[in-house]
Amino acid sequence: MQPNTTPVARHREHPDAGSRDGKGLGSTKGSGICHAYARDGRCISLLKILMTNYCVYDCAYCVNRVSSNVPRARFTVDEVVWLTTEFCRRNYIEGLFLSSGVLRSSDYTMEEMVRIAEKLRAQGFRGYIHLKTIPGAIALHALTGDGSRVLKRRGGMERTRDGRPLLVTLHPSCLLRLPDSQARDRATEDFRNDLVHAVEMLRVRAG
Ligand code: SF4
């Protein structure tokens with residue numbers, strides 16, 4: 001997602017924030033409102049939540065793993081959109097930091113998260129949106145709703161579900177993982193061509 005001002009990658013507690021239990025400073029716990037720093041140095045507040053803590057996976061280190069006995073809850077797409085816009089109207093936050101456990105499948109979960117971002121933008125929300133990538137999800141499926149194979153569509157122009165143009169390409173990490181060096185060189189060349197094509201597309205759109 002394209003933020004208006006891109007916060008740097010690190011997220012940390014606001015230096016003035018007290019800890020959640022009232023002892024000392026700062027906290028590494030949980031969710032709520034966290035802070036990030038924009039490139040211009042501004043500290044911005046983000047609503048940091050999970051869409052759900054249900055999860056079909058069982059990562060041993062994670063409190064939300066399927067075998068954990070924590071109480072479960074889930075926000076609907078509309079609930080997250082409503083919370084974000086209402087908190088923004090009240091000036092509590094300037095952006096959304098959204099992650100989630102995995103419901104049904106990675107692609108389904110990612111699609112639900114993308115729908116939240118799409119609805120927010122459609123309602124005029126111009127704040128920062130940070131969506132965590134769900135492990136195993138294929139971004140193209142989430143953006144277009146079409147689950148057919150990415151390799152067959154690579155290099156083509158498509159539309160997102162809300163009508164914006166997109167160019168299909170592979171994540172650079174896929175190229176690096178190709179075991180055969182000739183295939184890797186070919187795929188890297190294709191990737192470069194995709195980037196050139198994407199820049200041309202942006203130029204045409206900018207007019
Ligand atoms: S996929 Fe994520 S939420 Fe699910 S158990 Fe693993 S770390 Fe936890």
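This is a predicted model: local features need pLDDT of at least 70, side-chain atom pairs count only at pLDDT 80 or more; totals for chains, interfaces and linings use all residues.

Around the ligand sit Cys55, Tyr57, Cys59, Cys62, Asn64, Arg65, Gly101, Val102 and Pro135, where a residue counts if its C-beta atom, placed from the backbone, lies within 6 Å of the molecule.

Numbering starts from 1 along each chain as its sequence is written.

Next, the core. The largest nonpolar core has 26 residues. Such a core is a set of buried Ala, Val, Leu, Ile, Met, Phe, Trp, Tyr and Cys residues joined through C-beta atoms within 7 Å, and buried means 20 or more other C-beta atoms within 10 Å of a residue's own. Helix α2 contributes the most to this core, 6 residues; helices are DSSP runs of H or I, at least four residues, and strands are runs of E, at least two, numbered from the N terminus.

Which residues have the most contacts inside the core? They are Leu46, Leu98, Met113 and Ile116. Leaving out residues up to four places away in sequence, Met113 touches Met51, Leu98, Ser100 and Leu131, a contact being C-beta atoms, placed from the backbone, within 7 Å.

Finally, strands β4 (residues 95–99) and β5 (residues 128–131) pair in the parallel sense over 4 bridges; pairing requires at least two DSSP bridges. Leu96 stands opposite Ile129 in β5.

How values were computed:
A residue is buried if 20 or more other C-beta atoms lie within 10 Å of its own, exposed if 12 or fewer, and partly exposed in between; C-beta atoms are placed from the backbone. Two residues are in contact if their C-beta atoms, placed from the backbone, lie within 7 Å.
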